[in-house]
Amino acid sequence: MDNFKRAMQALYALALNPVAETLADPNSYGFRPKRSAADAIEQCFNLLARKNSSKWVLEADIKACFDNINHDWLMKHVLMDKTILSQWLKSGYMENGLLHATVAGTPQGGNITPTTMLQTT
């Protein structure tokens with residue numbers, strides 16, 4: 001990804017982060033500003049230390065979320081300029097000097113990707 005695209009994504013991420021933070025699950029800790037694994041552990045402790053708390057914790061990860069998320073779904077749910085979002089999603093990727101089209105997923109290493117995922121949880 002060239003430096004101009006990365007800079008543009010960083011600017012959009014700065015603008016979108018406050019919106020994403022209002023929409024995100026309050027108990028989500030991945031890719032969140034001012035949140036860490038220690039915060040997640042503390043939340044688990046607080047909930048599990050209660051007398052009538054659950055006995056089990058489920059930890060899950062969506063396999064290849066960034067690789068497979070549907071572009072149409074993102075276009076409907078991410079609150080940003082749709083023309084710009086579409087261009088980022090359809091920008092493709094280079095491998096061995098060849099440009100490959102992107103039909104699903106989000107840009108690998110794109111600094112806007114975590115912010116767009118927060119809006120969709």
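I looked up V19 and found it in helix α1, residues 3-23 (helices are DSSP runs of H or I with at least four residues, numbered from the N terminus). The model is predicted, with local features needing pLDDT of at least 70, side-chain atom pairs counting only at pLDDT 80 or more, and totals for chains, interfaces and linings using all residues. Residues are numbered from 1 along each chain as its sequence is written, and side-chain values use heavy atoms, without hydrogens and water.

I noted V19 as partly exposed because its relative accessibility is 31% (buried is under 20%, exposed over 50%, partly exposed in between, with a 1.4 Å probe and protein chains only).

Next I checked the aromatic rings. I counted one aromatic pair (rings of Phe, Tyr and Trp, the last by its six-membered ring, with centres within 6.5 Å; planes under 30 degrees apart are stacked, over 60 edge-to-face, the rest tilted). Y12 and W88 make an edge-to-face pair, 5.2 Å centre to centre with 90° between the planes. Y12 is in helix α1 and W88 in helix α5 (residues 82-89), 76 residues apart, so the pair links distant parts of the chain. I have Y12 as partly exposed at 22% relative accessible area, whereas W88 is buried at 7%.

I then looked at Q9, also placed in helix α1. Q9 counts as buried, at 0% relative accessibility. The C-alpha atoms of Q9 and I112 are 5.2 Å apart in space, while the two residues are 103 apart in sequence.

Last, I found R35 over the face of Y29, 5.1 Å from the ring centre (the rule asks for NZ of Lys or CZ of Arg within 6 Å of the ring centre and within 35 degrees of the ring normal).

Key: Helices (H or I, at least four residues) and strands (E, at least two) are DSSP runs, numbered from the N terminus.
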